[in-house]
Amino acid sequence: MNNVDSHDVAVGLNFAKHKTKMKILELLGFNRNEHSIKVEVLAGVTTFLTMCYILAVNPLILGDAGMDRGAVFSATVVAAAIATLVMAFYAKLPFALASGMGLNAFFTYTLVIGMHYTWEQALAAVFVEGVVFVVLTVFHIREAIVNAIPHNLRYAISVGIGLFIAFIGLKGGGVIVSNEATLLTLGQWNAGSVLAVGGVLLGAVLLALNIRGALFITIILISIVGIPFGVTNPGDDFTFVSLPYGFGDIVMKMDFSMFATLDVNYLIAVFVLVFMDLFDTLGTLIGASTNAGMVDSQGNVKNLNKALMADAVGTVAGAICGTSTVTTYVESSTGVSAGGRTGLTSLIVALLFLVSLFFAPLFLSIPSAATTSALVLVGVMMMKSFVKIDMNDWTEAVPCFVTIIMMPLAYSISEGIVMGLMAYVAMKVFTGRFKDLSITMYVLAALFVLRYVAM
């Protein structure tokens with residue numbers, strides 16, 4: 001009887017564990033009949049590896065604003081983990097969030113260095129921006145803005161983001177470099193650029209052979225091969241484990257004094273922050289979701305409002321922790337392309353962010369040459385949306401072209417969307433096709449014009 005009872009208890013415990021596991025997976029939008037745990041985990045790791053560069057870059061940029069870089073590192077990790085967990089369990093989507101590139105540069109080089117505000121006042125601007133986004137999301141205003149974007153422009157956004165992230169990858173790998181005469185040119189062939197190009201070729205071959213986790217495998221292999229060539233440089237005093245940096249000196253340090261004085265330039269800066277974050281996030285969600293088929297029959301993004309709320313909560317949490325605006329990362333496209341479809345992918349990213357608190361030296365040793373392959377190849381994948389654009393209608397083709405070309409040239413997803421929408425409204429108005437435009441499009445165009453005038 002004792003043996004029988006022990007067996008029954010063991011079976012009962014295993015069943016309970018399995019049931020608990022399935023409930024957690026269901027909270028993440030995971031369906032075992034449609035999704036694979038292995039694929040979702042690999043997708044999460046892939047996304048993390050392509051965006052973990054922010055853990056090295058963000059402290060450097062915010063450090064220029066006078067903030068402690070070690071504290072910013074931890075704040076960046078914690079804010080990213082919080083926002084991505086909200087995305088995982090609330091929106092149930094495979095997108096990751098962290099302090100946004102471009103937005104952190106605006107924080108330091110425009111607000112602090114250019115306009116001479118303190119970093120505490122800059123954090124207050126970020127906090128208010130996040131609160132505004134929460135309100136807009138609760139009342140579905142952000143979702144209404146997205147749904148008002150014409151279908152051709154949505155496809156153009158996907159293509160534009162593809163070119164943009166491919167450009168980021170080539171630039172990070174040293175394949176494309178700046179040039180005073182031509183702005184851009186082909187970089188010198190060295191170990192880093194050769195490995196970057198080799199990674200693109202290797203990843204492409206693995207994808208052509210339908211190897212699951214091709215992007216992740218490529219990143220790991222290139223990182224390993226880069227060690228003897230000095231591309232992957234752990235350092236002489238490299239250690240796998242380190243204690244987390246404290247960030248108490250920058251937590252809850254927002255200074256709201258500029259709102260009390262109604263400083264016009266400060267308010268304009270907050271307005272610009274709102275639109276930069278808004279369209280960076282919308283561009284990523286629309287582009288990646290459209291490319292992966294994660295949209296309904298009308299082309300609307302699944303759980304969009306919940307995804308936008310994750311972004312809004314992340315921005316508020318980021319300001320409280322002591323970092324710049326948190327936004328949905330375009331690098332999430334790499335995980336989506338690797339098969340990620342549920343919140344399990346973003347949960348993995350969040351957990352890896354938390355782990356990085358203790359293994360910062362290890363994660364930061366991954367070179368940009370290793371992530372070039374993922375960014376370029378995802379760019380190739382996202383180009384397929386181009387065939388869906390109606391290029392026979394000039395009022396559709398020109399705005400779409402503007403959207404696509406301006407993202408990499410302006411080095412901004414948001415600028416590409418803004419200019420594309422303005423061009424769309426202008427083309428329709430000047431050709432008398434007023435019925436093709438919604439009230440929302442007119443309002444957006446007017447706000448965008450005011451934005452550029454204010455700047």
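T137 sits in helix α6, which spans residues 119-138; helices here are DSSP runs of H or I with at least four residues, strands are runs of E with at least two, and both are numbered from the N terminus. The model is a predicted one, in which local features need pLDDT of at least 70 and side-chain atom pairs count only at pLDDT 80 or more, while totals for chains, interfaces and linings use all residues. Residues are numbered from 1 along each chain as its sequence is written, and side-chain values use heavy atoms, with hydrogens and water left out.

The relative accessible area of T137 is 0%, so T137 is buried (under 20%; exposed means over 50% and partly exposed in between, with a 1.4 Å probe and protein chains only). Setting aside residues up to four places away in sequence, T137 touches R142, N305, L308, M309 and A312 (contact means heavy atoms within 4.5 Å).

Turning to the nonpolar cores (sets of buried Ala, Val, Leu, Ile, Met, Phe, Trp, Tyr and Cys residues joined through side-chain atoms within 4.5 Å), the largest holds 97 residues, and F48, M87, F95, I161, F279, F353 and L421 have the most contacts inside it. Helix α4 (residues 69-91) contributes the most to this core, nine residues. Beyond its neighbours within four places in sequence, F279 is in contact with I145, I413, S414, I417, V418, L421 and F448. Another core, of 31 residues, lies apart from the largest one and includes Y117, W119, V126 and V270.

Open space comes next. A pocket is an open set of points on a 1 Å grid over the protein atoms alone, where a 1.4 Å probe fits, with protein on both sides within 12 Å along at least five of seven lines; lining residues have an atom within 4 Å of a point. The largest pocket has a volume of about 880 Å³ (the space filled by probe spheres set on the points, which are joined across faces, edges and corners). Its lining comprises 44 residues, of which Y53, M101, G102, I168 and Y411 are the closest to the centre. Helix α8 provides the largest share of this lining, five residues. By class, the lining has 24 nonpolar, 15 polar and five charged residues (Ala, Val, Leu, Ile, Met, Phe, Trp, Tyr, Cys and Pro count as nonpolar, Asp, Glu, Lys and Arg as charged, and the others, Gly among them, as polar).
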